Amino acid sequence: MPDPLLYVQATVAAAVASALIVLALLGPRKSPTAAWRNATCGIAITVGLTVGLWVESLHVAMPPASGLDRLLWIVIPAAVLIESIAAVPRFASRIAWLLRISLVLLAPRILLHGSVYLSDPEEWSVWQAALSIGVCWVLLATCWGRLLALARRSPGVSIPLSLCLALQCAAATVMMAGYLKGGEAAMPMVAALLGATLVVWAISRRRRAKDAARDVVPPTVLIGVGVISLFGVLFIGHFFGRVSGGRALAIGVAPLLCWATEWAPLRHRRPWIVGAIRLALVAVPLLVTLAMAKRDFDRDLAPLVVLF
């Protein structure tokens, strides 16, 4: 049975642990490099997620036995490592993108490893597999690439925050679709990402107080891990739960609505106005999707929960 109090405790623990790591490693430094900011946020997200899962007492099998295990043990750590490497100046951007594309290509295969989708031709024909995995590659590469491009072109804390909104919506949708453990695991992900994002933004903003006209550039690890986590939760919710493809797609691409503020009348507004517009635009499809998921839950699964 879902335990809301336990979820709150795990969320708070993950956010506090992540925030304290950023504060301890980034606070004392006057001019941290991009590589150090990325590495700090990567460590903070990893520790925050671990603490949150521990508070939830969520068992993660080792060696990984399910798609969720592989997401937590392999895919998310790989994203943290890749974005930490990408911020090191001596590594050319081509190498960073080669690593990112490699993870994009491997992630669906890793998450489906050992499942009936790969072992039973009757469950999934060759053309179904090619079409589904191809769509996943395009969507994941597009979200990752376009959000990193937006962060360079028009930076702001609203970009990782939009990913937090989408990830929280994905967690609730996956839970209401009947995959309780998948949704539970996503909550510490949101909290760890949010804790690191807010503290690194506050520290960077304080040091750049005189340059109020330009918002802080978020470390790329916040975007990379946010995109990969969002993709992974929706992927396992769709293939191992009952989240429909349309609903997963709506949640997965919602953060791309941040690009709407590049429209000329909005582009040169104050950073807080641009950020508020981005979050409002992203929230609209997420709320609609969440309402539809709640409607389906009340109709199909809520009577069973009450019964048991």
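Is S204 buried or exposed? Select S204 to find out: with a relative accessibility of 11%, this residue counts as buried, where buried means under 20% relative accessible area, exposed over 50%, and partly exposed in between (1.4 Å probe, protein chains only).

The structure on display is a predicted model, in which local features need pLDDT of at least 70, side-chain atom pairs count only at pLDDT 80 or more, and totals for chains, interfaces and linings use all residues. Residues are numbered from 1 along each chain as its sequence is written, and side-chain values use heavy atoms, with hydrogens and water left out.

S204 is placed in helix α8 (residues 180-207); helices (H or I, at least four residues) and strands (E, at least two) are DSSP runs, numbered from the N terminus.

**Second stop: the aromatic residues around Y117**

Select Y117, F231, F235, F239 and F240, which form one aromatic cluster. In the whole structure, a search finds four aromatic pairs. Rings of Phe, Tyr and Trp (its six-membered ring) pair if their centres lie within 6.5 Å; planes under 30 degrees apart count as stacked, over 60 as edge-to-face and the rest as tilted.

Begin with Y117 and F239, an edge-to-face pair with 5.1 Å from centre to centre and 85 degrees between the planes. Because Y117 belongs to helix α5 (residues 116-119) and F239 to helix α9 (residues 220-239), this pair ties together parts that are 122 residues apart in sequence. Both Y117 and F239 are buried.

Now select F240 with Y117. The ring centres of Y117 and F240 are 6.2 Å apart and the planes stand at 65 degrees, so this pair is edge-to-face. F240 lies in the loop between α9 and α10 (245-253) and Y117 in helix α5, so the pair ties together parts that are 123 residues apart in sequence. Y117 has 16% relative accessibility and counts as buried, whereas F240, with a relative accessible area of 34%, is partly exposed.

Of its 20 residues, 18 are buried, so α9 is largely enclosed by the rest of the structure. How far apart are the end C-alpha atoms of α9? They are 28 Å apart, which agrees with the 28 Å that the 20 residues should span at 1.5 Å a residue; the expected span of a helix is 1.5 Å times one less than its number of residues.

V174 is in helix α7 (residues 158-176) and is buried, with a relative accessible area of 1%. Residues up to four places away in sequence aside, V174 touches Y179, G182, G183, V233, G237 and V243, where contact means heavy atoms within 4.5 Å. Select E184 as well: V174 and E184 are 10 residues apart in sequence, and their C-alpha atoms are 9.1 Å apart in space.

Move to helix α12 (residues 271-300), where T289 is found. T289 is buried, its relative accessible area being 6%. Its side chain reaches the backbone oxygen of P285 at 2.7 Å. Leaving aside neighbours within four places in sequence, T289 is in contact with R247, A250 and I251.

Most residues other than glycine have a negative phi, and most peptide bonds are trans. Select S57, in the loop between α2 and α3: S57 is not a glycine, yet has a positive phi of about 55 degrees. S57 is exposed, with a relative accessible area of 63%. P63 is found in the loop between α2 (34-56) and α3 (67-86), and the peptide bond from M62 to P63 is cis, with omega near 10 degrees.

**Last stop: the cysteines**

How many disulfides does the structure hold? It holds zero, a disulfide being a pair of cysteine sulfur atoms within 2.5 Å. C136 is buried at a relative accessible area of 12%, and C164, at 5% relative accessibility, counts as buried.

Conventions: Polar contact = N/O pair within 3.5 Å; in protein donor to acceptor, adjacent residues only side chain to side chain.
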